[in-house]
Amino acid sequence: MGYRVAIVGATGMVGQEFIKVLEKRDFPMDTVSLLASDRSAGKKMMVKGEEIEVRETAYDSFNNVDIALFSAGADISRHFAPIAAQHKAIVVDNSAAFRMDPKVPLVVPEVNIEDITKHKGIIANPNCSTIQMVVALYPLHQVNPIKRIVVTTFQAVSGTGINAVDELRAQTRQLLDGQKAVAHVYSHQIAFNVLPEIDVFLDSGYTKEEWKMLEETRKIMHADNIQVSATCVRVPVFTGHSEAVTVEFERPMEPEQARDILLRSPGVKVLDEPAVKLYPHPWLATGTDEVFVGRIRKDISNPNSLVMWVVADNVRKGAALNAVQIAEELVNRGMIGG
């Protein structure tokens, strides 16, 4: 049986990745609707060898759609996701629009897939930096409950979108040619620089991105008592988010035990042989499905803590793949259509 799929934001980075992942995983599609803004309407894109025209997203775009994958920004999602749900499509939304809505499941399949059974037409995809962290930490939490997480992220420009990728490329050329870098997307130049600012600053001094990691981690892991302190940093990398994570457990855990648990955990690949320079890094993670974990070691400042390095492709696992995995589980459970 094939399903009628709509992709909202089809021409964007995540939209294009949706198509790649759906094709690679041979998702059972009968028809595919490619939807975007009026600026992109009329473009042609290839899906499974068929050329499909992109249409402007409209009220009637979701007639006869079984599942709608959204990645067009929070404003578009707030407007069109409820409309799609009214048309009986199940929405998997990649924006921040519904993540903290108590009526909307926030799902990472390796962690809380059962939450999809509570959906009322919309399922939220978490923030990319949260996804890779909880995939790595949840298996450990099941064995030894986590009390506190301190994380510093090193986030690629693709997390902002195509314009940011283009800006990094342009600024790099400008600086190497002895010119001044021109910044439009970010507050300062990003080439050969790092910016401790992702999303807007809140009154607390944290950014919204940093606060998301706290709230989303608690919701996904069903653990309201976990303390999370994040510092989110934009770095001049095209694809692949990296995270330095310090995690405090209720009782001591040896690095060897953590490695053994993670070696058997879904969606995780352990690369942890520093003596031969084997550890995760963004170049290695780009284009892959796994969350890579390495440099697992004792926190010398706290006997109950471990330190680790976590890397994943933010466009793939941090967005498109996670959404498609949700869609696959909806299919497996017979929850689409009918």
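Buried here means under 20% relative accessible area, exposed means over 50%, and partly exposed lies in between, with a 1.4 Å probe and protein chains only. By that scale asparagine 304, at 17% relative accessibility, counts as buried. The structure is a predicted model, in which local features need pLDDT of at least 70 and side-chain atom pairs count only at pLDDT 80 or more, while totals for chains, interfaces and linings use all residues. Residues are numbered from 1 along each chain as its sequence is written, and side-chain values use heavy atoms, with hydrogens and water left out.

**Annotated region and helix α4**

- The unreviewed UniProt entry places the feature "domain: Semialdehyde dehydrogenase NAD-binding" at residues 4-119; UniProt positions follow the numbering used here, feature names are shortened, and annotations may be inferred rather than shown by experiment.
- Over residues 4-119 the chain is 25% helix and 27% strand, with the end C-alpha atoms 19 Å apart; helices (H or I, at least four residues) and strands (E, at least two) are DSSP runs, numbered from the N terminus.
- Helix α4, which spans residues 128-143, has a kink of about 35 degrees at leucine 137, shortly before proline 139, where the bend at a residue is the angle between axes fitted to the seven residues ending there and the seven starting there.
- This helix, α4, is mostly covered, as 14 of its 16 residues are buried.

**Loop residues with positive phi**

- Most residues other than glycine have a negative phi.
- Aspartate 26, although not a glycine, has a positive phi of about 55 degrees; aspartate 26 lies in the loop between α1 (13-24) and β2 (29-36) and is exposed, with a relative accessible area of 53%.
- Lysine 48, also not a glycine, has a positive phi of about 50 degrees; its place is in the loop between β3 (44-47) and β4 (50-53), and at 44% relative accessibility lysine 48 counts as partly exposed.

**A buried loop asparagine**

- Asparagine 304 is found in the loop between β13 (291-298) and β14 (305-312).
- A polar atom of the asparagine 304 side chain lies 3.3 Å from the backbone oxygen of glutamate 250.

**A loop valine**

- Valine 200 lies in the loop between α5 (162-176) and α6 (208-221), and with a relative accessible area of 47% valine 200 is partly exposed.

Methods: A polar contact is a pair of N or O atoms within 3.5 Å; within protein, one must be able to donate a hydrogen and the other to accept it, and residues adjacent in sequence count only if both atoms are side-chain atoms.
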